[in-house]
Amino acid sequence: MQSLSIKSLGDLRLLSSTTTNRKREWANCSMRRRVTILACASERNGYGSGREDSTTSSFQSRSHTYALLKQQMEVAAKSEDYKEAARIRDSLKLFEEEEPVLRLRRLLKEAIADERFKDAAKYRDELKSIAPHSLLKCSSDATTLGIRVQVRSVYIEGRSQPSKGLYFFAYRIRISNNSDQPVQLLRRHWIITDGNGKMENVWGSGVVGEQPTILPGTSFEYSSACPLNTPNGRMEGDFEMIHIDKVGSRSFNVASAPFSLSLLGDDEGNSV
């Protein structure tokens, strides 16, 4: 799925106006206090302690802290406070090195490469206990009756506002008709689950305002987006289609396999 890279959705970066030195210092101090409070909360929930009873909520808290640090660095850079931006950059690098999910991912990948499968199973179990969503890739690939659906998601930092609990994800979908019959996409259905387990069903006619006909050997691609109030979640669903070369043919559902919506990304080119 290397060809499914998601390009920028326009200039989505956060807007910032020119401020006085006093306002800039106040904004930086305010953000530092907010991040410090969240970081302390993460530590109380077991971050960095190696506890086996780390919970999904602590993972969400760490991800939220990470998003705020990135936002704070952008604010400092736009305010031309380069000393502060450099300090936050160093904090981000340290965070990425010590973040349990990222650390366990590295260990898991190394264990598999070295064929230490017992260790790999242990790291996978640890990942499952602290962050179930982290085991789900930010991409999926499924085929139903010759119709292949490939998906890749990415976190859009510029349209996210972690300080307000808003995380914005884009995803790109390719639907390929590998059958010998033309099909038309009629409706879509998505099941969206946030990091707290809250589930939402979304139905709609067609995709991006179209009900495309997909001939044998051709593909249809489109991009869309999904806002969440948590830094991680998942999506899955199906597309209702019909064979258009047969009069009176019944519609059928084509599955879109589960994929992750993750601020931390995964190991397939969509990582921090």
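No disulfides were found in a search of the whole predicted structure. A disulfide is a covalent bond between the sulfur atoms of two cysteines. For such a pair to count, the sulfur atoms must lie within 2.5 Å. The search returned zero.

The chain has 272 residues, and 44% of them count as buried. Its secondary structure comprises five helices and nine strands. Along the sequence, the pattern is α-α-α-α-α-β-β-β-β-β-β-β-β-β. Contacts with a separation of 6 or more were also examined by sequence distance. Of these, 69% join residues 24 or more positions apart.

Helix packing was examined for α4 and α5. Two packed helices are described by the angle between their axes and the distance between the axes. Helix α4 spans residues 100-113, and helix α5 spans residues 117-130. Their axes come within 8 Å and cross at roughly 160°. Angles over 145 degrees count as roughly antiparallel, so α4 and α5 are roughly antiparallel to each other. The crossing is left-handed. On the α4 side, the contact is made by P100, V101, L104, R105, L107, L108, A111 and I112. On the α5 side, the contributors are F117, D119, A120, Y123, R124, E126, L127 and I130. By class, the residues of this contact divide into 12 nonpolar and four charged, with no polar residue.

Backbone geometry was considered at two loop positions. Most residues other than glycine have a negative phi, and most peptide bonds are trans. E80 is not a glycine, yet its phi is positive, at about 60°. This residue lies in the loop between α2 (56-78) and α3 (82-98). E80 has a relative accessible area of 57% and is therefore exposed, the threshold being over 50%. L145 also is not a glycine and has a positive phi, of about 50°. L145 is found between strands, in the loop that runs from β1 (139-144) to β2 (147-155). Its relative accessibility is 59%, so L145 counts as exposed.

How values were computed:
Residues are numbered from 1 along each chain as its sequence is written. This is a predicted model: local features need pLDDT of at least 70, side-chain atom pairs count only at pLDDT 80 or more; totals for chains, interfaces and linings use all residues. Side-chain values use heavy atoms; hydrogens and water are left out. Axes are lines fitted to C-alpha atoms, for helices over the stretch in contact, and angles run from 0 to 180 degrees between N-to-C directions. Helices (H or I, at least four residues) and strands (E, at least two) are DSSP runs, numbered from the N terminus. Angles under 35 degrees count as roughly parallel, over 145 as roughly antiparallel, 65 to 115 as roughly perpendicular and the rest as oblique. A crossing is left-handed if the near helix is turned anticlockwise from the far one by less than a right angle, and right-handed if clockwise. Contact means heavy atoms within 4.5 Å. Ala, Val, Leu, Ile, Met, Phe, Trp, Tyr, Cys and Pro count as nonpolar, Asp, Glu, Lys and Arg as charged, and the others, Gly among them, as polar. Buried means under 20% relative accessible area, exposed over 50%, partly exposed in between (1.4 Å probe, protein chains only).
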